[in-house]
Amino acid sequence: MICILALAIACSTGCQRSPRDNGFEPAEPSRSATNETRGTAIRLQDVSSEWGLDWTYRNGEESGHASILESIGGGAAWLDYDGDGQPDALLSGGGHYGPGPQVRGLPPALWRQSAGRLHDASRSAGLLDNTYHYNHGIAVADYDEDGFPDVLITGYGGLTLLHNEGDGTFREVTTSAGLLDPSWSCGAAWGDLNGDGCLDLFVVHYVDWSFQNHPIWPGPQPGQREICPPRSFLGLTDRCWLSDQSGGFLDHTPDAGLEPEGKGLGVFLADVDLDGDLDAYVANDGVPNFLYRNDGQGHLVNIALSSGVSMGELGNADGSMGVDLGDFDNDGLPDIWVANYQNEAFALYRNLGLDLFRHESRVLGIAGLGGLNVGWGTGFMDLDLDGDEDLFANNGHVMRYPLEAPVRQKPLVLENDSGQRFVNVASQAGSYTSSPQMARGLAAGDPDHDGDVDLLIVHTNEPAALLRNETPTGHHWLTIRLVGTRGPREAIGARVRLKTAGRTQYRQRKGGGSFASTSDPRLMFGLGDEQLVEQLEIIWPAGHVQLLKNLPADQHLTLIEPGT
Amino acid sequence: MKRRQKRIRPARTTQRPRPRQGPGPVPGRWRKRFVLGSGLIVLVAALCLAGPAWQQHRLQQARNCLENRQLAQARQWLDAALHRDPDSGEALLLLARLERREGRLSNARDYLQRAWKAGVSPARLERQQWLALAQAGQLDEAEPHLNELLSDPQGEAAEICEAFLNGYLRAYRFDDALRLLDAWQADFPADPQPRIYRGMVFEHLMMTGKAIEEYEAACRLDPARLEAHLRLADQLAALLRDEQALAHYQICLDADPRHPEARLGYASCLLKQGQVEQPEQIFRQVLADNPGNRRARAGLAQLTMSAGKYDEAVAVLQELVAEQPTDRAWRYQLATALQTSGRADEARPHFEFVTAANQAMARAQGLLEQLRTEPARVDLRFDVGSTLLQYGSASEGVAWLQSVLQLEPDHRAAHEALAAHYESQDQPELAARHRRQAGS
């Protein structure tokens, strides 16, 4: 009997098909872009101490208010404020609270360069003579065309416009220039929106936080308090001013056609549709981004949704912070790059022409980088001078006690593989990029004049970093500074086409970009092994075209717009 | 060994008789006949006795499978048991449990009725009815019996907890769910199931990081628990942690290469990493098994769009949107595909839907946060439910509206919303019921 039963049981179990018997083999595991172990030449060395840079942006978190104000952080800029040909560094100061529920600003810091060293020139430049709002961003441009770069500082409670007096000092002129703006601002961009030859200003506003609107947000553990997320607040309408052509500004917001209630953090002005005027792209936090098409007169229409650049690939509104425009595939059509919040793919929108873009992060290996990053200062830049634009992005969390991602985060160094794919090589690019940081603003430039891109990075409550590019490629380069004459001196909106024997590259002189920061105004090209630029074509903002031929590589060019 | 050989030999001789060589000695022949006859008698007796014992064995196997969450195997044993005895009360009761655990509550009710007719004791049936009510989210009727059930679990403690947890999740009563989980976990610390349920609660609360922690703990407790791996993989994939997600999908696929959800999750991760051929192959394999699978069709549409074949993508996405008009991702992809292929007028309504949906869902997110601190707010629950029905997951919307009716059974607007939903889903009986209740 037992034998019979045992036989039956054996049959009943043994006759069941194992899952593997059905003829389907699991998909072969494949190596993703993130795990590619390809080598890179890119090396970025932190030389802050060597250069004497010692500055820390403060957000006032020690007060315990846990306000959303603290989460934003600060920005940086490269500018040659004293006209000595050496880029100087300007960094925002941040702020603190008190007494009681009051928000106070800390002054920005100006670091003057002298032969490869930075010296604190804040006092001598008169920056400490002013009071400041709690500040975040820095937008630099010579708005009054006097040959010296001026500075706009954004922040909570208002803007601060510092006029460069040309004698090594700045004078605060906000009110007299008409830039009264009590809203909380972050990113800002200069550019000639209405084609009158003078620089106008676009400022993005964030949310309606105040101590009267300051919800308590519990942290994960009893007694902890978390930063209240932006979704708990109303967004604010951005603002733009047109130059009055005599050093002042007129509020153009009511006529500009701006969308109500964005939650703007990043912005750039550039000729996105290549029609000869400046368009605007605004990175909003948690609501769809805006792409404003300009009619040439400063009237803007948001075409982001129909253009495919307002949201993520699946129609989700990302938490966007940093932005830039570049041409990663060298097809002559400018593409848009957006650094987003955690669990969202950073967005690279490929320009298809005719105001249409395609979200290509997945195809280019960017979506597979992992969802931990909260991205801020960022930009296209040819770090290895091989002739295609790579991407750099700062990361760092906004929350104090995030459950799904670390507070301090490694940056992304995305090496461009000929426009086909991006590979994160941060772990190989040096000790800074392979370590987690609390980074925010990013300004790219070439303070050491060696032709490659160096980086100035602002951290929150930690010293800023200067990363010198020490990539040992032996590649050639060219930098171009454009000086406008028929349009604004800054030549924002100028388009450059550079042709060598092997390839053609495209750049634009942009206003704004990155996060709360201003990069070196020079356009920087990597030429790979090419030692000769066969042709350089500049389309100036006023529309006419300048052609130069057979330019040797490895030089800093300053091109002045030809007169009539 | 020698003795066994001796016992086997006679049987062989009966199978292969030697050619007769004339009459043999009589005593030997009788002995052979005696042995043969005795063997036959024993065989017949064994077969007669084996029937009931075998039935008991089937039922015990079914119980074991139920306990081990091997529901498909449990069903096989129970089908066999009912084939042997269609009126087996025990088998019918076990089938009722099985149907309930698989969420087919009306089937469970039918089996309970049959079990009652077959003579199963009312007390046992009543327990199952309470569990069915709990699982259906009718907690008002089931909850008073929870303590009674748990104080005498009759070996079904886990099943009791699960039924109530399903009910709490259905009614979006997460605090109650977490309290019950605390108790379950304290009594059965090595059981991965409470960790899985805790993860599900955190998923509902959109606390993905905590959900992942729970699923990871469940995987550690029982590395073979595929449900834990699959849920963990889905959450990791949602956080774009595709490398980790792929590893857990792979574990599921190693155990069940045709697991549709694991295959789709695996392919989606590869898709996010920019791969084309392998995800396409997997999507097509899934469709070969199930031609209507929407995730696979949507994945192929994504690949088609990336390849710039917008007209082809539009055709697939239009079908998907027709089947599930509230899916934002498909509506957005359809809109962009239409726009890019020059059909801006057709794209516009889809863009408008996505814009409205994003705004509504952002608002719903705020309401959900409010509900964490004010779970009894019927107005918030109704708002969330209506929004989800219109712009998000219909099943979640229905669950939220049902949670409204739990708290306020005569909530007219909730009945009306549910009636409208069921009408749109071609479920006239349910629609009519809610219409009646809305009017009463």
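pLDDT is the predictor's confidence in each residue, on a scale from 0 to 100. This is a predicted model, and chain B has a mean pLDDT of 86. In chain B, 92% of residues reach 70 or more. The secondary structure of chain B is 24 helices and 0 strands.

**Confidence**
- The model as a whole scores ipTM 0.87 and pTM 0.85.
- Residues 1-25 of chain B have a pLDDT below 50.
- Beyond near neighbours in sequence, that stretch of chain B makes 4 contacts in the model.
- Where pLDDT is low, predicted coordinates should not be read in detail.

**Overall form**
- Chain B has 440 residues, for which the globule rule gives a radius of gyration of 22 Å.
- The value for chain B is 29 Å, well over that figure, so the chain is more spread out than a compact globule.
- Along the principal axes, the C-alpha atoms of chain B fill a box of roughly 105 × 55 × 45 Å.

**Packing and contacts**
- Of the 440 residues in chain B, 47% are buried.
- Take the contacts in chain B with a separation of 6 or more: 45% of them join residues 24 or more positions apart.

**Surface and charge**
- Chain B carries 58 positive and 56 negative charges.

Key. Residues numbered from 1 in each chain as written. Chains lettered and ligands numbered in written order. Predicted model: local features only at pLDDT ≥ 70, side-chain atom pairs only at ≥ 80, totals over all residues. Heavy atoms only, no water. Helix = DSSP H or I, 4+ residues; strand = E, 2+ residues; numbered from the N terminus. Rg over C-alpha atoms; globule rule 2.2 N^0.38 Å. Buried < 20%, exposed > 50% of the residue type's maximum accessible area, 1.4 Å probe, protein only. Contact = heavy atoms within 4.5 Å. Lys, Arg positive; Asp, Glu negative; His and termini not counted. Charge placed at Lys NZ, Arg CZ, Asp CG, Glu CD.
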